[in-house]
Amino acid sequence: MSGHAQLMWDEAVTGYDFGPDHPMDPVRLALTRSLVTAFGLDREMDVVSAKPAGDSTLRLVHREDYVAAVRAASADPGGADGSYGLGTVDDPAFAGMHEASALIAGQSVGAAEAVWRGDALHAVNFAGGLHHAMPGGAAGFCIYNDASIAIARLLELGAERVAYVDVDVHHGDGVQAAFWEDPRVLTISLHEHPRTLFPQTGWPEETGARSSAEGSAVNVALPAGTGDAGWVRAFHAVVPELIADFRPQVLVTQHGADTHFEDPLAHLAVSLDAQRAVQVALHELAHEYADGRWVALGGGGYAVVDVVPRSWTHLVAIAAGREIAPETAIPEEWRQQVFARTRQLAPARMTDGRWPVQWAGWEAGYDPADRLDQAVLAARKAVFPLRGLLP
């Protein structure tokens with residue numbers, strides 16, 4: 001297997017643009033790509049542009065009538081069919097929507113194919129991770145569910161065990177739904193509690209189809225306000241033990257940066273440093289249990305200057321085998337570019353000043369009165385016995 005990492009990139013993914021007033025500003029993709037270049041990371045990995053996902057690939061997850069509705073809305077945004085979630089406040093229709101969405105899906109499929117075939121050990125598509133789209137509808141800023149399509153492609157290629165770990169602040173509902181009845185896919189989502197955040201799903205009791213895949217869906221619903229110590233503790237209290245038990249052939253991860261304390265759309269209080277710590281941990285889990293096969297995707301993240309580019313540049317650096325130390329100064333040319341494009345002042349370093357992240361391991365015991373520990377215990381009690389593990 002090649003030791004190379006791949007960065008999936010096509011400038012046209014920035015055409016995934018819901019308009020000037022929408023929080024999902026494609027500048028976050030452009031600024032991430034330019035920060036990756038500013039650090040010279042694209043000299044450490046192969047930068048690859050995959051072809052857009054064709055209809056047969058999209059139909060691995062999405063219904064034919066939905067793909068047709070997206071095509072129609074793409075050609076005539078004013079005539080978008082709202083029954084498919086298109087033309088809504090969250091998912092406004094725009095010209096070229098099908099093409100941009102299919103291109104993003106194609107990058108994730110290309111990443112999955114490269115890793116499965118051994119062309120790359122790790123592959124990153126930070127434009128991907130659009131985890132809310134359902135088989136028959138758009139939702140939550142997501143048109144095509146590239147994460148689900150990439151996993152479905154892995155299964156089509158012969159994978160028998162794929163683990164998906166989603167650390168976006170929102171529940172990975174679309175991916176869970178796509179594989180609800182499929183025991184070959186283990187989906188694990190750490191997210192803000194559904195009582196306080198869209199999409200109001202991801203309760204610990206959601207564990208997979210009873211008839212065929214019970215115990216294949218895992219949900220850690222964290223209380224609003226959870227910070228670094230609790231977030232990293234919850235991750236380590238649930239994810240490594242399940243990955244060790246499942247032993248996936250490929251690890252697919254979604255790295256929405258909207259857990260950050262600056263994010264305007266959610267209520268967790270996680271730092272860039274904790275996000276980096278979990279990225280490192282997932283990289284290590286891929287090597288320990290999946291022969292290094294790792295497909296890493298982006299996701300949400302609406303602090304588009306301060307947070308997203310730094311978080312995903314750390315992710316790319318980890319995949320490239322050239323981690324960026326948190327205290328590293330950000331190149332001045334990138335900071336000038338940020339101001340020129342956004343009139344915002346860019347951050348000066350690759351840290352929020354919270355490194356190293358301090359957290360307590362679950363094995364040392366838990367506090368039944370602590371809300372974070374209650375959330376972890378609820379997830380463990382719901383799923384671990386179904387997998388033959390002690391809760």
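Two strands pair if DSSP finds at least two bridges between them. Helices (H or I, at least four residues) and strands (E, at least two) are DSSP runs, numbered from the N terminus. This is a predicted model: local features need pLDDT of at least 70, side-chain atom pairs count only at pLDDT 80 or more, and totals for chains, interfaces and linings use all residues. Residues are numbered from 1 along each chain as its sequence is written, and side-chain values use heavy atoms, without hydrogens or water.

**View 1. Strand E3 pairs with E8 and with E1.**
E3 (residues 122–125) and E8 (residues 294–297) run parallel over four bridges. Ala123 stands opposite Val295 of E8. E1 (residues 5–8) is also parallel to E3, over three bridges. Here Leu7 has Val124 as its bridge partner. In a regular strand the side chains alternate between the two faces of the sheet. In E3, His122 and Val124 point one way, Ala123 and Asn125 the other, and all are buried. Buried means under 20% relative accessible area, exposed over 50%, and partly exposed in between (1.4 Å probe, protein chains only).

**View 2. Helix H4 is mostly covered.**
H4 spans residues 97–117, 21 residues in total. Its first and last C-alpha atoms are 30 Å apart, close to the 30 Å expected at 1.5 Å a residue. The expected span is 1.5 Å times one less than the number of residues. Of the 21 residues in H4, 18 are buried. Gly118 follows the helix, with a positive phi near 85°.

**View 3. Asp373 meets Arg233.**
Asp373 sits in helix H11 (residues 371–383). Asp373 counts as buried because its relative accessibility is 5%. Its side chain makes a polar contact of 2.9 Å with that of Arg233. A polar contact is a pair of N or O atoms within 3.5 Å; within protein, one must be able to donate a hydrogen and the other to accept it, and residues adjacent in sequence count only if both atoms are side-chain atoms.

Most residues other than glycine have a negative phi, and most peptide bonds are trans. Pro199 lies in the loop between E5 (185–192) and E6 (217–222). Gln200 is in the loop between E5 and E6. Gln200 is not a glycine, yet its phi is positive, about 65°. At 46% relative accessibility, Gln200 is partly exposed.
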